[in-house]
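Please view the sequence and the model together while reading.

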Number of protein chains: 2
Amino acid sequence: MIPTPYLLFLGDAPDQLAAKVAIGIKDWRPENAVGQLRLPGCKADLGLSDMTLEEARTAGAQTLVIGVANRGGVISETWKKVLIEALDMGFDIASGLHNLLRDDPELVAAAGRAGQELHDVRVPSVSYPIATGEKRTGKRCLAVGTDCSVGKMYTGLAMDAEMRKRGLKSSFRATGQTGILITGRGVPLDAVVADFMAGSVEYLTPDNDADHWDHIEGQGSLFHVSYSGVTMALIHGGQPDALILAHEPTRKHMRGLPGYALPSLEQLRDTALPLAQVANPACTVAGISVNTAAMSEQEALDYLAEVEDRMGLPAADPFRQGAGRLVDALQDL
Amino acid sequence: MIPTPYLLFLGDAPDQLAAKVAIGIKDWRPENAVGQLRLPGCKADLGLSDMTLEEARTAGAQTLVIGVANRGGVISETWKKVLIEALDMGFDIASGLHNLLRDDPELVAAAGRAGQELHDVRVPSVSYPIATGEKRTGKRCLAVGTDCSVGKMYTGLAMDAEMRKRGLKSSFRATGQTGILITGRGVPLDAVVADFMAGSVEYLTPDNDADHWDHIEGQGSLFHVSYSGVTMALIHGGQPDALILAHEPTRKHMRGLPGYALPSLEQLRDTALPLAQVANPACTVAGISVNTAAMSEQEALDYLAEVEDRMGLPAADPFRQGAGRLVDALQDL
């Protein structure tokens, strides 16, 4: 668990897109962000108060979160100077960068001196158990995609936000680094050792109130040959009560796999549901989340109407339309 | 790769069963075993020549393989004395024990001094790539089970042996520690990090002659919620041309999962085949391997006849009957 609230470090981000992680935190957990710290030359701006380390500490910030991708895979000397100063002032540091904080001797020394923690969210910090398959209390929803990167994380975050807005009991359960930094906790599933994948998902989504929903962040796709094993572990470890089918209709082939066509939504349903029912016989497909970013408003509406009619399930783009109808579908279960 | 041939270390095995790994080597790669080394009190006997370290070196042995499970998870002082002596005499040491050779400072020092290698086959020694899904030349066969521990490794080893007996091009591709020690190479799939599982299987089964068959060692089951992700990665990383359905008909519930019923062979076929066809549209189910160890001869024959009739596929117990009919089925493809 990463102590909140955060000061968001944008560094010398070359553009707004490089600050994707910080944007996610600001969009989904604004209460976790007291301000932003930008270095000279920074081209990203979240519209938060620009703060010095000292101002942020005074405002209560506990952790400096690296909310920006670094260039060339190295932590520059400019960055490191700020990070060491932050540790000395009592910040923890959290990072999803490929090059780990813990592999930098100067940062390790500074953290030790200050008694602060370095949180590398890309690597597991827990020895996860082997999955037991025992039925857990509470409800769980998992988005499964026709492909990778079709909006599964966004769908889960939007459904969680909508449920909490309605006063319902709900948690987003992160399984990737961005989600972990947004919510301050989670399992970096792609870095978990094979035998413990499903167990780590059980660990992430423990017993809960009967009317509480976990929105488990999906990963990969059953139809993506590089990552399907990770998806399978989510389906069995998560023992979902509800699946949301996630799709991006303009994708020409599976991400990174030229020559591999996307499955249809029907194929996805007919593959994922029986597998989910192994772990939870009561599981159903509750709705369809479509990423229509590449379509015009009218194209998107036409497509969603066609899918809804064809599949007999509510179909929505949670980014364009909100997650209300998908949450309605969970409440109707 | 572990240098062959081996001297098989049986230590002070309390019974024959404890020497399972050594028995596997002797059964499947007798040419790899020059002899056995037994300590006082050893209750296992492979019927190989008892040899001192020196005799085995003279006979050409390159590696001392720990072919026995240890008690209490520790490498005893008695064992360690022999292992250090072996290193000093020019043996590598190979082990599938939970407690790693490389974690013992005395063994590490002795290996360094002697210039020999410690092979801990439980942990990956390679940085595997992410799977690309690119079509590879050569043929591949994978056994998929209704459950874990239903005879998938045995099936692959028996089919490989039968093919080589017929003068066909064939390799057994190990994905677990016993298989790796038997064949001297492989991928310890259950210890590979999630993102690289399918890539490690691609690495294990590279391009080959058009008429060469890889028999990929199966793991877990699509229906076993603890390990299904590993099975999924084998199906997509292995891009099999042929699946063998593996089953143990007297099993009451999924191994280690009371309350989880086994799927039918039809369910296994209808789940595994479409998933395999994502990576290889030409994949077919070639036959059924049944572990009938818990049945009488007549029960077994009746059951096999019934399954064969019902499924329209050759059904055999490779332990009782040999793998001939399963290999016939591959040759008929």
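Predicted model: local features only at pLDDT ≥ 70, side-chain atom pairs only at ≥ 80, totals over all residues.

In chain B, helix α7 spans residues 197-204 and helix α8 spans residues 228-238. Their axes come within 8 Å and cross at roughly 45 degrees. The crossing in which α7(B) passes α8(B) is right-handed.

The residues that make this contact can be located on both helices. On the side of α7(B) they are B:Met197, B:Ala198, B:Val201 and B:Glu202. On the side of α8(B) they are B:Gly229, B:Val230, B:Ala233, B:Leu234, B:Gly237 and B:Gly238. Sorted by class, the contact of α7(B) with α8(B) comprises six nonpolar, three polar and one charged residues.

A second pair of helices is found in chain A. Helix α3 of chain A covers residues 77-88, and helix α4 of chain A covers residues 105-114. The axes of these helices come within 8 Å and cross at roughly 15 degrees. Angles under 35 degrees count as roughly parallel, and α3(A) and α4(A) are therefore roughly parallel to each other. Here, too, the crossing is described by its hand: α3(A) passes α4(A) in a right-handed crossing.

From α3(A), the residues A:Lys80, A:Leu83, A:Ile84, A:Leu87 and A:Asp88 take part in the contact. They meet A:Glu106, A:Leu107, A:Ala110, A:Ala111, A:Arg113 and A:Ala114 of α4(A). By class, seven nonpolar and four charged residues form the contact of α3(A) with α4(A), with no polar residues.

The account now turns to the two chains together. Chain A is superposed on chain B by a rotation of 180 degrees with 0.0 Å of shift along its axis, at an RMSD of 0.0 Å. The two copies are thus related as by a two-fold rotation axis.

The contact between the chains draws 32 residues from chain A and 32 residues from chain B. Between them, chain A and chain B bury about 2500 Å², with 62% of it on carbon and sulfur atoms. Of the area that chain A buries against chain B, A:Asp195, A:Val225 and A:Tyr260 supply 19%, more than any other three residues. Of the interface residues of chain A, 100% are also interface residues in chain B, so the copies meet through the same surface.

Technical notes: Residues numbered from 1 in each chain as written. Chains lettered and ligands numbered in written order. Heavy atoms only, no water. Least-squares fit on C-alpha atoms with pLDDT ≥ 70 in both. Contact = heavy atoms within 4.5 Å. Axes fitted to C-alpha atoms, helices over the stretch in contact; angles between N-to-C directions. Helix = DSSP H or I, 4+ residues; strand = E, 2+ residues; numbered from the N terminus. Left-handed = near helix turned anticlockwise from the far one by under 90°. Nonpolar A, V, L, I, M, F, W, Y, C, P; charged D, E, K, R; others polar. Buried area = accessible area lost by both parts, 1.4 Å probe. Parallel < 35°, antiparallel > 145°, perpendicular 65-115°, else oblique.
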